[in-house]
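Please look at the model below with its domains and its ring contacts in mind. The report then describes them in turn.

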Amino acid sequence: MILPASAPESIASCAASVRAGNLIGLPTETVYGLGADADNDAAVAKIFAAKGRPSDHPLIVHVSAQDGGMSGAAHFAAQVPPFAQQLMSAFWPGPLTLILPRRAGVGAAAAGGQDSIGLRCPAHPAAQAVLRVLHDALPGQARVWGVAAPSANRFGRVSPTTAAHVASELGPDLLILDGGPCDLGIESTIIDCTRGAPVLLRPGSISRLQVEQACGRKLLSKEELLEQEQRGLEARNAPRASGTLESHYAPNARLRLMDAKALQTAVDLLGEVMVQGGADAKPTIAVYARSVLKKVPLSIVLRRMPDDAAATAQQLFAVLRGFDDANVKLIWVETPPDALEWEGVRDRLQRASAE
Ligand code: TXA
Ligand code: MG
């Protein structure tokens, strides 16, 4: 059932559902989440079951923005290093997830058995309205400190950016709060703060540079961390991050990244083959490109990629879903520019194209 976030009853219903140990579809500024009480292991188990996600993959826990997310962080995290504190002050509420050491006895199932926990304070007003009602329990009610919510898609699939996407992934019985299409469209930037230095686990809308400027520290890549560890500075296992599996966020169709020149060549070849073979009216190929292509056969489904990285991120998953709905077998995408602000989009496309 889809409830409009503009109605106060919808917020109350969603909060009541979480309190009762059930799942909700929750809008955020990045993508829609599939949420449950983060301290209720049985409720969290329902998330793993609904997504078909292995239960040792940790989930992100969302906290209320009152006090800048600090009371939520204090509940779930054993310790917040100063650089993580600076990142919270700079970017919460917003699309930034911090991995912190987990306080014993909280969020165990949500953390997938790790001794760390991923925390995020989302900026979407509807998400915050629900989190606030849960946090400010009425007399006799237990406070709900956080909502564990991975993206509300089946495991390995493209993340949902509208309430309708969530319903099509997880079925009409789920209570889904409709907060409109997500503003940002790709998942939060994830920074591991358990390694003594900030480590980028997943790029997102907040860029590497913004993170470094906010905390005054160099942001390490996973590769740089490994090098450091091999040099004996640290010797713990790398955390799991299913969002960092090579093949993830995959549409049904096979996706290929090509530069503008290769793309034009491919389109030309296709045009020749189609002329020879007689017009087959069924679209089997979609193209998503910034460059203006010449002589595109009519049967190709063509979408223009915006010149702007944020605008592309906002529409990316919906565009991929649209191609699947058009039943194309191949998706050809023009490789995004090699610039900092495109890192999140490039990352998602590279993973969608991995076999
Ligand atoms: O934008 C987002 O972050 C969205 C919205 C709903 O907030 N959520 C999201 O959640 O993308 P999910 O579960 O699809 O991705 C969570 C990522 C996974 O790659 C997970 O492994 C990683 O965060 N993660 C969470 N807790 C972690 C932990 N303790 N250690 C390492 N990685 C963790
Ligand atoms: Mg996901």
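The C-alpha centres of domain 1 and domain 2 lie 31 Å apart, where domain 1 covers 2–231 and domain 2 covers 254–353, with bounds that come from an automatic or database domain assignment. This is a predicted model, in which local features need pLDDT of at least 70, side-chain atom pairs count only at pLDDT 80 or more, and totals for chains, interfaces and linings use all residues. Residues are numbered from 1 along each chain as its sequence is written, and side-chain values use heavy atoms, leaving out hydrogens and water.

Between them, domain 1 and domain 2 bury about 1,500 Å², of which 55% is on carbon and sulfur atoms; buried area is the accessible area (1.4 Å probe) that two parts lose on being put together, summed over both. Val-158, Ile-186 and Pro-203 supply 36% of the area that domain 1 buries against domain 2, more than any other three residues.

The structure also holds one aromatic pair, meaning rings of Phe, Tyr and Trp (its six-membered ring) with centres within 6.5 Å, where planes under 30 degrees apart count as stacked, over 60 as edge-to-face and the rest as tilted. Tyr-288 and Phe-323 form this edge-to-face pair, at 6.4 Å centre to centre and with 75° between the planes.

Two arginines each lie over a ring face (CZ of Arg, or NZ of Lys, within 6 Å of the ring centre and within 35 degrees of the ring normal).

| Charge | Ring | Distance from ring centre |
|---|---|---|
| Arg-143 | Trp-145 | 5.2 Å |
| Arg-290 | Trp-342 | 5.7 Å |

How values were computed. Chains lettered and ligands numbered in written order.
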